[in-house]
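Hi,

Here is the structure I promised to pass on. Have a look at it first, and then read my notes below.

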Amino acid sequence: MASFRLLYRFVIRPMARERLRTVLTVFAVALGVGVVIAIELAGQAAAGSFHASMETLAGRADYEVTAAGGVPVEAVGRLATLAWPIRVRPRIEDYGMIAGDLRVVPVIGVDLVADGRLAAAGGEAPDAESLMAADAIWAGPDTGYHKGDTVRLILNDTERRFRVRGVLGSAAGGAFVLDLGSASRLLGRKSTVDRILIESPASESVLRAVLPPGCELARFGARTEENRRMLAAFRWNLRVLSYIALVVGAFLIYNTLSVSVVRRRPEIGIVRAMGATRRAVLGAVLSEAAMLGLAGGAAGLLLGRVMAEGAVRLVAATVDSLYVSSRPAPIEVTAAIVAWAMAIGIGAALVSALTPAWEAAQVPPTEAMARGRREYQARVRRWRNLGLGAACGLAAWLAARQAPVGGRPLFGYLAALLLIATGVLAIPALISSLASVSAGCLRRIGAEALLAGRSLAGSLRRTSVLVGALSTAVAMTVAVAIMVGSFRQTVLDWMDDRLKADLYLRPAAPASADRHPTIRAELADRVAKLEGVAAIDRFRAYEINYQGMPATLAGGDSRVASRFGRRSFLGVSNPVPIFRALEHPGTAVVSEPFANKHNVHPGDRLRLPMGARIVSLKVLGVFYDYANERGYIIVDRRTLLRYLPDPASSNIAVYLKPGVDLEAGRRQVEGALAGARVQVLSNRRLRQEAIRIFDRTFAITYALEAVAILVAVTGVASALVALVIDRRRELGLLRFLGGSRPQVARMIYYEAGLLGLLANGVGLLLGMALSMVLIFVINRQSFGWTIRFHWPVAVLLGVLTLIYMATVLAAVYPARIATRLRPIEVVHEE
Amino acid sequence: MKSSLAIGLACAGVLAAGTVWRQALPGYHYHFPGDYFSHSGFRTEWWYYTGNLQTSGGKRFGYELTFFRHALSRDRGSGSVWDVPDVWLAHLAFSDINGQRFYHTERLNRPGPGLAGADITRGLIWNGNWFSRWSDGGRRQQLQAIANDFRFDLNLVPVKPVVIHGEHGISRKGPLPGEASHYISFTRLRTQGTVELHGERQMVEGFSWMDHEFFTHQLTADQVGWDWFSIQFDDGAELMLFRLRRTDGAADPFSAGTWVPATGAARPITSSEFRLTSEATWRSPATTGVYPVRWSILVHPLNLKLQVTTPLAAQELSGGPPASPAYWEGAIDIEGTRQGHPVRGRGYLEMTGYAGKIGM
């Protein structure tokens, strides 16, 4: 009972009394928790999405068979006649685009003859006519199409009209379903299928015995698992980024509690004198933190669910362009997510409350009897902190030099944390030195500025915490801005180097990191023969599986590439000899992400499944590539055609003859493509589009930073309110002594301005150091890209100005409180 | 005669224009082994195995393994391996007489890349991993059928040569030319092999019966179904009878049969020469169809009087695709007299059209 009274006196009553500050603190925690939860939910939804799109109608299966370039159809017959109980379901899996609204939908070819279950689920079996008809299609219930509707789908380079023959059961989701016959014709799978699903108690070795060596047999779901693994690094980094907002929120709890402990020192002294133990005091402060955390966690959960809606779109866009075709699965708030929200809310609150609680417990009972108030800021040991900071900095430097742990840049994250610690620990020393150095300068601005500066330096502890929180947020924003800016510039330089052709052709059907619609060979031949065309480079990409990880295998024309094109290789100044050598069969070049992921070097040999065979390829070089994170293996077109004889192209680079006008060339090409759904992009358009995709990809990181800043600015507002309430007497006295209302307000604004300036300065420096860790440690270890450092000056200036303005705006309300104080009343309070 | 059971797809009448199908017409000359395999000019074709088996310990089993081919179109397709010139349906049933359990399953396939077909060069009629493999000009037929609960591997050796039913090479089913089928049987195949039920493997032996039939038109509009008997007597003779039932309940005049004596030539039986009477029924809980499961048979010219019973009433194949009607096909026991002397036998009975009309 006694402890409850203590709790009530110390925790609940003050919280209720200072409602605004409590609300702001809870809001900051809620934002932090909300961001973490939103990213977690969005990541889950994005990771669940391969399931949602390509597992349409997969039903129950034990195994799946895939192969680079498709599984030869003979494998289907061999599996189906095995002397084991077995159900074999060959599938052709692709995507199409609805011509009207440009919606991308899975288009799946299944055996509508054998799959009676499917027909029954549709309520209506396909009949002889619909099996034969070229325009027969079945719609999933989520497509919005009904029986008898006409749907125009762009498949590869052609638009086709279909009549919906029936609507399938819910398992078909948002997919369109074709019979294998039309699917193989319309999607260009002459003698292959994309996947075979197998339901059988037979062992892997029984099944493997009838499969060609190039086929990969895996437990069903393994492919989804691979995709998840591939996404793991991306999700990890996103997750880490999301915790920044929480860390900033924790700073604020620390600040709130520190202030409230100091203000209640006399009261604490009294209860101690009346017999309350240290543990009881400790418990009371921790309970306050826990309640803030609980409220923040609960509010954060709701906020997170709301923010997840936006986050999932951004995450899915990134996943789609960098990794794998996806459509986000529904957002699911599980019990685990709820528990996690509470745990991180309360956990962050408790951890940040430890120091204030311990300090509260140290208040001696005698203090109640003593007169006056001990200024808590006197306790800051700034030089010891500076020393500690230096040690952290050194540790950060060491951590940045460590290798990844299990493919994850754990030491990189540690280095980032240590760097933040370095900055935070150095802040008190920095502030007090700056205060003495800048006094003259501030005096010249005016008495208000001088007072503001002194007040900040005087309450060093509180100022340090505030600057620490704000500058951490600023630093992370700066770091991410530098990283993304550098990345962007690197990609721009790479495109300058790489994109040399005048026109680029690609099928209208949507491409992504793992799907490569094609252009018919006849069209390419026609373009190649045009008068104004000097050469074309036909590029064909396939999805493959290399040592359990998805990758892209592609073929290009090495002769054209060495004559016209460019690719920069790591450590090689002249790429021409490499292209010459690439014309020999049995050779390949690989992209940098691939080389890093699989630890491949020039001279190594790759064993690669291609069609039914396994082919050994010698690696000639590693090229810079920023087009996808899965990694490329590129061989000469003739090598590719030898094993995967489909002559269609995924895209085509067209080099015009010298002197041929771009528009004239384009008209010629478009004439040759008449009727086909092929996009002709100029070099400039392609670049613009690439950079648009790049920016879309990083939109989520910007959004995360924005939230961290919002949390920090909320903190500044809440701290300034505290500051004003705390200094009622001082402010009252100022007014009593003749200070005008505008003068008091100005002083508050100056304080906010100085805080913002300090935070921006510290944040900029710290951010630069962090960006190095991001670019050269975390990025390299988790994605394997070479990024050249680049200052995105305009972006940084914009961001810092925005933060500064927000900080000053945060002072509006506290300044109003300060000016409304009645000097007489305040002075009489004493 | 044998069931044309509904080929899971509603094929009736929707054929691509231009395909002209061969009719089953009198004067057909059989050539073996070619006529054991496929006749792609005819729309429908089937190979039908049924048999009664027992273990040395006296456990009794019945089986049915059937391969159907139904043509959709003979137009030149797109050249894709997935084109559907024919659909291949197969039925598999297994009767555990002692355990009083009946198992059945079916599958539907296109020819595809080796999914189903009949191939004389490989001596193979198959649908997935169910097959009949012919060697030595039909003097050996090997069956394999695998389901989740059971499988069997049987070696069949004809005791008697192939029998051609009907007259002039056709078995008539209706009054118009072409309303007939080409119909041949191996009426007595000595059978040895293994059956495996729920993982328990047993050696079995017994006798099987094999029908092969191909045609383009068969049932007429006023026929609802049929009752078909194949009986193997202990004394070495066999009897096949089918009765076509009309919508008005009467027996169709084109009902017929064949008598195969222990030695000597087979003799056709016309509808006026026999009489079938159903004496007791079984109601299917699954389809509510009511099937006669006790019969008496009279064949006047042979002075044959038979009582037909079944050791297992629940031998209905149901639960296929919506367009595939249920039918009853199962092992039967026969007792009776011929010329006053007692005869016994076993056989198979097929009854269609009791749970919905058979449409073809």
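Predicted model: local features only at pLDDT ≥ 70, side-chain atom pairs only at ≥ 80, totals over all residues.

The axes of helix H14 (residues 410–445) and helix H15 (residues 447–458) of chain A come within 8 Å and cross at roughly 170 degrees. An angle over 145 degrees counts as roughly antiparallel, so that is how H14(A) and H15(A) lie to each other. On the H14(A) side, the residues making the contact include A:Ile431, A:Ala435 and A:Leu442, while H15(A) brings in A:Leu450 and A:Leu456, among others. Sorted by class, this contact has 9 nonpolar, 3 polar and 1 charged residues.

Now try another pair in chain A. Helix H16 (residues 460–498) and helix H25 (residues 741–782) have axes that come within 5 Å and cross at roughly 45 degrees. H16(A) and H25(A) are therefore oblique to each other, and their crossing is right-handed. In this contact you'll find 20 nonpolar and 8 polar residues, but no charged ones.

Zooming out, chain A is split into domain 1 (1–56 + 225–374), domain 2 (59–219), domain 3 (427–499 + 687–830) and domain 4 (509–676). Where domains 1 and 3 of chain A meet, 34 residues of domain 1 are in contact with 33 residues of domain 3. On the domain 1 side, the elements giving two or more residues are H2 (19–47), H9 (222–263) and H11 (278–322) of chain A. H9(A) gives the most, with 18 residues. By class, that side has 22 nonpolar, 10 polar and 2 charged residues.

Cheers

Note on methods. Residues numbered from 1 in each chain as written. Chains lettered and ligands numbered in written order. Domains from an automatic or database assignment. Contact = placed C-beta atoms within 7 Å. Helix = DSSP H or I, 4+ residues; strand = E, 2+ residues; numbered from the N terminus. Nonpolar A, V, L, I, M, F, W, Y, C, P; charged D, E, K, R; others polar. Axes fitted to C-alpha atoms, helices over the stretch in contact; angles between N-to-C directions. Parallel < 35°, antiparallel > 145°, perpendicular 65-115°, else oblique. Left-handed = near helix turned anticlockwise from the far one by under 90°.
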